[in-house]
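These notebook entries record what I looked up on salt bridges and on one helix contact. The structure is placed below for reference.

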Amino acid sequence: MKRIGLIVNPIAGLGGRVGLKGSDGLEIQQRAFELGARPHASDRATEALKCLLSMKSDLDILTCPGNMGEIAVRQAGFLPNVVGNILSDHTTAEDTKRAVKEFLNKDLSLLLFTGGDGTARDIYAAGGSEIPTLGIPAGVKIYSAVYAIHPRAAGELVMAYLREEAVLNLAEVMDVDEEEFRKGRVSSKLYGFLKVPYLQRFVQGAKAASPKSLFSALEGIAKNLFERMSPGTIYIFGPGSSTQLIAKYLGMKKNLLGVDAYLDGRLIASDANESTLLGLLLNNPAVEIIVTLIGGQGCIFGRGNQQISPQVISKVGKKNILVVSTPEKLNALKGHPLWVDTGDYEVDKILCGYIPIITGYKEYVMYKVTA
Amino acid sequence: MNNITAERYTDGKPNLRRFHQACWDEPIIFELGQPGQRGILVPEVEEGIKSQVGDPFKGISDSLLRKDPPELPEISQPAVLRHYVHISQETLGVDCNIDVGQGTCTMKYSPKINDQLARMTELTELHPLQDETTVQGILEIFWRFEQILKEISGLDRFTMQPGAGSAAIYTNASIIRAYHASMGELDRRDEIITTIFSHPSDAACAKVAGFKVITLYPNEDGYPDIEALKAAISDRTAGLLITNPEDTGIYNPKITEFTRLVHAAGGLCSYDQANANGILGITRAREAGFDLCHFNLHKTFSTPHGCGGPAVGATGVTKELIPFLPVPLVDFDGEKYYLNYDIPNSIGKIRPFYGVAPAVLKAYAWVMALGAEGLREVAEIAVLNNNYLLKKILAIRGASAPYAKGKRRIEQVRYSWEKLYEETGVHSDELGIRAADFGVHYWTSHHPYVVPEPCTLEPTESYSKEELDEYAAIIENVANEAYADPELVKNAPYNSTVHTIDHYPLDDPQQWCITWRAYKRKAQQIPA
Amino acid sequence: MSFKKVVYPYIPNSEPGVKAQMLKEVNASSVDEFYRDIPSELRINGQLNLPPPFTSEYSLRRHIEKILGKNKTARQYLNFLGAGCYQHHVPAVCDEINSRGEFLTAYAGEPYDDHGRFQSLFEYTSMMAELLEMDVVNVPTYDGFQAAATALRMACRITNRNKVLLPETLGRDLLSKIQDYLKFDVEIIMVKHDPLTGGMDLHHLEVSLTQDYAAVFFENPSYLGFLELKGIEITDMAHDHGAVCIVSVDPISLGVLEPPVKYGADIVVGDIQPLGMHMQYGGGQAGFIASRDEEKYVMQYPSRLFGIVPTRVKGEYGFGDVAYERTSFAKREEGNEWVGTAAALWGITAGVYLALMGPQGMREIGEGILYRSKYAQQELGKLTNVNTGMFQVPHFKELIVNFDQTGKTVADINHRLLERNIFGGKDLSHDFQWLGESALFCFTEIHTKEDIDQLVTTLKEVLA
C-alpha cells in the first residue's frame, strides 16, 4: 500500500482566467470572483489523480477536507483519507502550512500539491523539503521548478516515482514579490528547494531514468573546474543544487541557498551579501564567479542570486564568470535563450550574446543569453 | 467472389494492412538441440600427420589446456538453419518494410546485384596480404571508387579504411590533431567546435582524440548561429566538425562563412557528410570550404546496413592533409595499382588492412549503375520525397516541424509531437512503438532531445509515392489513436513479435543479463 | 547533355508523371526550390564529371566481373598467409543466414520490430561468453584492433591511470592503431620478450610495473604464433600492482585452449573473423570485448550490450540495451568513447558458426590445427638451412619460418613460390628486423597433408 498526500490551494489560478495577475491576497480574490472566475485548481488536481486509477487498490490518498483536496480526490474516483480540518471556506496560506505539518508525520511516499508559486512557498516554509513533493500547476505565474508541466505529466511522474522508476531532483521554489509585481517591477527571490521526482524521458526520452548521468555530468563539471582553479583566486559560488554538488565534489561545503566564497579550498564567506562580496573584491583582484541556471526559466543573474549585484559583476568582469549546467537543464529550456536581469541594463547588455557554458569534463556549450 | 483489389480501398483510399509481424516464440538457441548432435563436421586430420606428430598438445602447459568444453549448443544443421530463419523473419529490414522511419540512417534500397557481385570468390577468397600482382582487380575497384568520391566532394584523396561513420569522424579528428602537432600548435589548439544537431559521434570522437568539445546550440530558427561560432572561436580552436544539412534537414546557408571564420583562426574544417543523400551532385565539400570530409557508404551509397555493420566511412582530405592519412593508400602508376605506405606523417593504422572491401565494391557498383545524372536524380527525388512526406505529416493532428517554418527541407525532417503529447499524454516513443504494429520503424532522435517529443523521418529516393502515402497513413492512424484512446497506444505493441518489455532490469546491475550464462546465474534471484 | 529521361529502377518516383504530380502536391515548380537555402555560388553547374554509367544490370555485371576477374584467389593458389586474417572453412549455413534480406538490410529498429536482430546478437554474445567463460560480451566492434585499443582505454578509465604495458612481439599494425588511439593521453611502454620462448620477459615486466600502470596486455597466441605459457605469472604481477590484465585471443583456439579468464585475465579481446567470415580482402573483421559481470567494467564499455528481459506477457521475453546511458548515443561527449555502426552482421554470422560447430566441433578444429601446424613445423624444419624453431614453445596456427641460412630473402622466396601458385607466409623482415629473414606461415583446417607436403616440396625446389 502506497500512501500519498494531496493539498489543493483552491483559489490558485483564480486571477488568470479573468485577466488578473496572481491570486494571493483577499482583495484580488474578491475582484476575481466578481469578474466571474471559478477556481479550477481542484479540477487540475483531479485530472492528475485520474492518471493513477490503475493503482487504485494499492493507493491511499491523504488529503484535506472540502475544497482543499477531498473534493478533487472524490471526483477522480478515489476514496479520500481526510485528515485535519479547515476553519472557513476562505482558505489561506496558514491552512496549507498546517496541513503540511500534519502530513509530515504520516509516512507519505510523496506529497502532491496544486497551486502556484505562493503555494510552493508555503509548502516549503512548512518543512515540505523533508519529503518528496510535486506540484500540479494551477496558478498563472509559475516560476518555481517544482511543478510538472501539466496535470497529466504530474500524474505520470507520480506513477513512475511510486514504481521506483523516477529519481528525486532538487528543484527551486521561487517567489515573485507581489507588491513589486503590481507596480510593474518584476523581482523574485529563491526561497528554497523541494525534492521533486524527475523522469528523464520527459526531457530526454531516454529508455530509463538513471541518476548516474546527472551525477556524472556534475562530476565532469567539477573536474573541469578543478583543472582551471588556481591558488590565490577567490571563487564565488551562486546558489543552486548543481553548484552545491559541484562544490561538494571539489571538497567544499556549500549551502543550497545563498552565495558562498572560497579561497584555496576554504570557505571564506558564507551566505554573503553584496557588500561582503564587494569587500572581498577590494582586497583580492583575482576573482571568478560560478553560477548555474536558476529556476526552470534559465535565468543566470537576477532570480535568486541578486547578491551578485551589477557592481560585483562589473568588477569581476565577464571573462571571469563561469556558467555551469548539466545538458539536461539546458535542454529543458527547449531552445529558449538564457537571460539576465541584474537590475542594471548596461551590465545586462555586457552579459548578452553567446557564452560558453561548462556542461561536463572538457565539454562546453555556446548558448545564447538575452536581457 | 468480390473484387480483391477493390476491397483494399475505402472511399478511394487504401486501407491499412492487417499486419502481424512474424512471431515464432522462438527459444534461445541454448534451449535447442540435444547433447551429441552436430551441425557440421570438421575436416579430419590425415593418419600420416597424426602418426608423425604424436601428441598435438605436447609442450602446452596444463594451465593452458582447456579442461571443460565450452557449453555451446549441440544442434543438428537443419535445426540451426530453421532457428536463424525464424529470427531473421522477426526482423524488419529495408528489404521488407517502408523504412523511412529511421531518419539520418538513409535506409535506401541495397541493390541485390551488388550483393551478388560482392559474393564472387574473386573477392571473398582474397587474402589482404597477397602479392599485389594477384589483387589488381580489387585494388582497381578501390582506386576507381576513390576517383568518384573525389569528384563528388571536390577533395583530393580518400581512404576507405575507417570502419563506419564514427570511425571516420575519429580519423578526421586524428588528422586534425596530427596537423596541428606538425605545426607545433597542438598544445595550444585543444578545442573542437561542433553543433548539437550533428551526430553525437562528432562530439564523442573529438573527445577521444583528446580535444575539448564546444557545442553550438542553434538560434530560434534552427540554424547554427554564426554569433555562437564567433564566440566559440579563439586561438585554441583546432577545428570544426559539422554536418550540413543537419539532422533536422535544414541546410545552413552561411556555411562558407563558418569555414572562413574557422580558417581565419587557424583551424581546420571537417564535414560529416552522413546527410549527403539530398545534395549529391548539387553542392560539394570543397566549395563550402572544407578540408576534410567523410561519407557513410552504408547510408548514401547503398551498401546494406547489416544490422549495424560492417561498413565503411570513406574519409577524404585536401592536398595539404594527404601526408597525415592512414596507411596505405591505393595508388596507380599508369600500369599497375599498388598499396602506398609512403605517407610521411601518417597517423598510422585505423584498422587491420585496408577497409571493408565488399562495401567498397557495392558502393562503386551502385554509382556505376547511376552515373552523374543518376546521382543527381537520387538527390532530387530524395528531397522531393521528403518535402512530400513533410506536407502529409504536418497535416496530422498534433504534429509539427520545429524551425524553418514554411521553408523546404533537404532530405529529412525532425518532427515534434509536443502538441500531441500535451493534448493526449502520449509520448513520441510510444507512438513509434505502436507504429511497429503496422510493420514500420520510427525513430525519435539522438539524445539529448533538443526538439521535444521528436521523430525523425528520412524517405530517401527508394520508396514510391504509394509507399510514402502508406507510411503517412500509418502515422496518421497512430496519432488519431492517441487522441481517441491513449491507453491503446501506450500499451502497444500488439501485433509485433513480442509485447512491451520490462526496461528496468536493464539499468540495474543486480538484474541485467547480458548473456545467457548471466541469465542462468541470476534468474533464480530475480523476482517474478 | 542527354535529354532522354531515364527512369531508374532504384528510384520509383523518377517516373516523370509521378514526379510532376508530387511537385504539384507540394506546390513546387521544380526541385530547385528545395535547394533555396544553398547559396548559388555553392551550386554545382551542370553535372559531376563521372564515368558513364552501366544502366542495365547485365552491363554492370560484366563491367565488375571483368575487373574482379583480374584477381587471383586462395581457391586458385595454395594460401599460407595469416597475420590477422585467416582462411578457414565458411559453413554454407553461415553464408545463407548473412545473406537473408532481413538481417542484411535491418539497422536500428526497436526491440519489437527488430526482435530477431536483438536475439541473434544476444545469442552471439552468449555463445562467445561460453567460449570465453565470461558473463559480459559486447555487440561487435569494428575489428580486433579496435577491441584491443578500447580495452586499453577501458582499463585506464577503470583504474584512473594512464600508462599501459604491451609486448614487443605485437604486430606492427596493431601497435600503430593503439598508438594513434592512445598516445596523446596514455603512455605506452613495451615489454621485452624472452628470446627462448617469445613470451613476455617476466623480469623486465617486474621492473617495469609500478602502481601507475592501468593495464598489462598480451596475446595468446601471439601475433607471431607462439603460445604464452606464463599467463598466470603475468596476470598475478599485473594484479599485484592494481593493473587490469587484458589478453587478446584467437577465438578458434578456444575449443582446446583455456579461456584467459581462467589464468587471471580481466578483459579478453580478439577478432571473430575466423568464425564464419570469408577473408574478403580484410573485409571480414569484427572485434569482441569480454569481461566479468561487474558494474565497474560494464559501465566502461563503449559498445551496445544487449540484455534479456521479460515482457508484460508471462513466459515471453524480449531484449533491450543494458545501461544505454553509458554510450555516446545517449550522452554525446560524456559517453565512453563512441558507439556507431560497426560489424553486427559478422557477429550474427559468428553465432551461427558456433552453433553449428558446438563444443565438439571447436575441439576438433583446434586439435586439427595443432596437428597440422606441428606437422608443418616438423616437415619444414627438415629442409636444409630452414629454421622453424625460433621459439621453443608450442604454436597455434602460425609459425615463424626463418630463412637466414639460405642466403635468400623472404621477398625473393615468396616471389618464386608465387610463380608456383603458392602464397607464402607474411614477410616479417621489415617489421621485426631482429627476426632476420623470417616469414609467418599459417596452417588451418583447410590445409590437407598434401597441401603442406606440396609447400615443403616447392620450398625445397625454390631454395635449391
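I looked up B:Arg188 and found it partly exposed at 33% relative accessibility (buried means under 20% relative accessible area, exposed over 50%, partly exposed in between, with a 1.4 Å probe and protein chains only). Its side chain meets that of B:Glu185 in a salt bridge, 3.8 Å from N to O (a side-chain nitrogen of Lys or Arg within 4 Å of a carboxyl oxygen of Asp or Glu). B:Glu185 is partly exposed as well, at 24%.

I note that this is a predicted model, in which local features need pLDDT of at least 70 and side-chain atom pairs count only at pLDDT 80 or more, while totals for chains, interfaces and linings use all residues. Residues are numbered from 1 along each chain as its sequence is written, chains are lettered from A and ligands numbered from 1 in the order in which they are written, and side-chain values use heavy atoms, without hydrogens and water.

I next examined B:Lys490, which forms a salt bridge with B:Glu430 at 3.3 Å between the closest N and O atoms. This pair links distant parts of the chain, 60 residues apart. B:Lys490 is partly exposed at 23%, whereas B:Glu430 is buried at 11%.

A:Glu94 is partly exposed at 49%, and A:Lys97 is partly exposed at 21%.

I then searched the whole structure, which gave 73 salt bridges over all chains. One network of salt bridges links B:Arg517, B:Arg521, B:Lys522, C:Glu130, C:Asp135 and C:Asp293.

Conventions. Helix = DSSP H or I, 4+ residues; strand = E, 2+ residues; numbered from the N terminus.
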